Amino acid sequence: MIVICGSLEQAGRQDTLGTAVALRGVALEAVVQVVGIVPDGADGDAALLALTEAGVGHAAVLRTAPRALEGADLDLALRYLPDTRVVVAIDLEPELLPALADGAAFAGAPLVVVTAHGGAAGVGQLTLPDSVIVLQAPVSDPDGTFAGFVAAFASRLDAGDAAADAWMGTLQSLAVDPISGSVGRPARAADR
């Protein structure tokens, strides 16, 4: 199971990177649970209903007034989700990452940290295990390519691939076929 920890709402919208990665993971047939906070009331109901309809689990989502996730929230969530095989932290406060790394290690799960564009410097100041994989999100991801990449990488880790193999497999799945022939002349049928 892939556990995605991060914001589920942004300024009243429910199209955060964490939600996009979760939806892409489910599309790849992975079991996905999200950890985050949604408000009480109709907005929170709508957010949880949308996740349920998409096949995304939300057993560890808190319903409370909007606030940032705290270390205790993450610790409790990882204990509540015992089948965790991969943890993906998306745009969490850097001070939460060491505790999340400990929780992921306790579960025997690799940790993938996705920082906001330009946010990798704050993570670099932390003492995290060498096994933690840090990715920096692009400024925008209008077509969901980055979300798809993170979901595909996490899905490969969830399937049991070693981190290096999951990385290479995910990169190779994005590659295009090389162009045959040389620059300046059209490819001949024999070159194809």
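Author: In this predicted model, one side of helix H3 carries the exposed residues Ala 72, Leu 76, Arg 79 and Tyr 80. The other set, made up of Asp 73, Leu 74, Ala 77 and Leu 78, comprises the buried residues of this helix, which spans residues 71-80. These four lie on the same side of H3, because they cover an arc of only 125° around the axis. Their cover includes the strands S1 (2-6), S2 (32-35), S3 (37-38), S4 (62-63) and S5 (86-90), together with helix H4 (97-107).

Arg 79 is exposed, at a relative accessible area of 58%, whereas Asp 75, at 38%, is partly exposed.

The buried Asp 73 belongs to a network of salt bridges that also links Arg 67 and Glu 70. In the pair formed by Glu 70 and Arg 67, the N to O distance is 3.6 Å. Glu 70 is partly exposed at 42% relative accessibility, and Arg 67 is partly exposed at 35%.

A further salt bridge joins the side chains of Arg 85 and Asp 158 at 3.5 Å, N to O. Arg 85 lies in the loop between H3 and S5, and Asp 158 in helix H6 (residues 145-158), so this pair ties together parts 73 residues apart in sequence. Arg 85 is partly exposed at 41% relative accessibility, while Asp 158 is buried at 14%. The whole structure contains five salt bridges.

Definitions and conventions. Residues are numbered from 1 along each chain as its sequence is written. This is a predicted model: local features need pLDDT of at least 70, side-chain atom pairs count only at pLDDT 80 or more; totals for chains, interfaces and linings use all residues. Side-chain values use heavy atoms; hydrogens and water are left out. Buried means under 20% relative accessible area, exposed over 50%, partly exposed in between (1.4 Å probe, protein chains only). Helices (H or I, at least four residues) and strands (E, at least two) are DSSP runs, numbered from the N terminus. The arc is that of the directions from the helix axis to the C-beta atoms. Contact means heavy atoms within 4.5 Å. A salt bridge is a side-chain nitrogen of Lys or Arg within 4 Å of a carboxyl oxygen of Asp or Glu.
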